[in-house]
Amino acid sequence: MKRIIIEGNRTLSGKIKIGGAKNSVVALIPAAIMANGKVKISNVPNISDKDALIEILKLLNVDVKKGTGVIEIDASNIKNTLIPESLSNKLRASYYFMGALLARFKKVEMYFPGGCNIGSRPINLHLKGFESLGATITKEDSKYLIEATELKGADIMLDFASVGATVNLMIAATMAKGTTHIMNAAREAEIINIAELLNNMGAKVTGAGTEEITIEGVEELHSAEIKVIPDRIEAGTYIIMGALLGDNLTIEGMIPEHNILLLNKLQEMGVNFKLQNHKIILNKSSNLKPTNVRTAVYPGFPTDLGQPMAVLLTQANGVSLFEETIWENRMGHVKYLNKMGANIKAERQHAEITGPTPLHGAEITATDLRAGAALVTAGLIADGTTIINDAEHILRGYERIINKLSSVGANIKIVEV
Ligand code: EPU
């Protein structure tokens, strides 16, 4: 087990550079196997979810060359083998191999994906979409066999604007015969980035970033390059830390428009920040006003920032109401924040946070990636020592978090126990 240890209450000043987006790169890597030729991905974040996908590429006999922040994928000799459950359950995004292998081989055999335990996380919308494209699905326990004699373009209306289903179906439809329309599509910035790679590979995708995506099938895909967009959730997490502890803390290499709702909320709370092109400078703000936060699909307040945001709300002057609308089980941080001195009453997907409450160090556990980010934030503002167990979750999505925070003055380390 990895354990993060923080001596809290240190000012943060200096610069933090944001890396490439986790939720983009985890789809770009599987999508790359559809090309007849090399795909070069740059601005790749150094996170463990990326390493897990590379393990799957190797199992599929895909050639992978790694440089600093760059990977080159060549699937010329790919073999369509069953991805063992021990690999597919390391992360959610392993399911993008369903769409990519189905597009390339018209057949894929794979187990149910893994990922953070934040809700039931079914994949019915993905499967229903594959069926609309002409595939048949046979399920045996948690193993799926998805195959088609031919994939045909179709009109697919998603019941919910699911990020994963939108991406998987966009990938699967690239080489289907005819035109596919995905309606009620998710609109996340990462989806535009993924469509950009598909188009660079020769696909014909339009409308990514809107509610309707159109894909005209092409016969084959070729070599291409893509740069991963900055991670808006990593940026948002450090922005929240800057609001709590910043002394001219600069978050750079981000796209402020991707964090507009977070920035609006911070403004409403009275956080002291300055926006400049691709960076934001933050100072610790006193007398923060409480606010209400309701997570929603993009461009709403991102669910992935809900847990770090809860820590900021513990320091506001009064009662804030929080509602999580995407995941049924994303309150894993609450028990531990309360152990540290917070006053949060949570029931199912709602929480009432009363502040300000000074936090003190404690031994706590990261139950999932963003709960872990919230606990790091809490540990940074707490008096005394905070010990975060199961810190592996955090490394799935925050590259070099210990180095980045140490370089701006935090007293933080990670140990193996
Ligand atoms: N849903 C279904 N059926 C489906 C697919 C989704 O009912 O077939 C439901 C889910 O259960 C959930 C909602 O729809 O209640 C949203 O799910 P979505 O498919 O949009 O989420 P995802 O693709 O599994 C991605 C991110 C998550 C992020 C969500 C929402 C990746 C790898 N993961 O998950 O990121 O919370 O979109 O923005 O892209 C994280 O980074 O910490 C994280 C969990």
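Domain bounds here come from an automatic or database domain assignment. On that basis, the chain is divided into domain 1 (2-18 + 231-416) and domain 2 (22-227). The model is predicted: local features need pLDDT of at least 70 and side-chain atom pairs count only at pLDDT 80 or more, while totals for chains, interfaces and linings use all residues. Residues are numbered from 1 along each chain as its sequence is written, and side-chain values use heavy atoms, with hydrogens and water left out.

**Contact between the domains**
- The C-alpha centres of domain 1 and domain 2 are 31 Å apart.
- Their contact (heavy atoms within 4.5 Å) involves 21 residues from domain 1 and 22 residues from domain 2.
- Together the two domains bury about 1,900 Å², with 50% of it on carbon and sulfur atoms; buried area is the accessible area (1.4 Å probe) that two parts lose on being put together, summed over both.
- Tyr298, Trp327 and Arg396 supply 35% of the area that domain 1 buries against domain 2, more than any other three residues.

**Salt bridges**
- Two salt bridges are counted between domain 1 and domain 2, each being a side-chain nitrogen of Lys or Arg within 4 Å of a carboxyl oxygen of Asp or Glu.
- Arg232 forms a salt bridge with Glu190, and their closest N and O atoms are 2.9 Å apart.

**Nonpolar cores**
- A nonpolar core is a set of buried (under 20% relative accessible area, 1.4 Å probe, protein chains only) Ala, Val, Leu, Ile, Met, Phe, Trp, Tyr and Cys residues joined through side-chain atoms within 4.5 Å.
- The largest core has 85 residues, of which Ile33, Met34, Ile41, Phe97, Phe130, Ile146 and Met170 touch the most other members.
- Beyond its neighbours within four places in sequence, Met34 has contacts that include Ala100, Ile171, Leu198 and Leu221.
- A second, separate core of 71 residues includes Leu249, Met269, Leu359 and Val408.

Methods: Buried means under 20% relative accessible area, exposed over 50%, partly exposed in between (1.4 Å probe, protein chains only).
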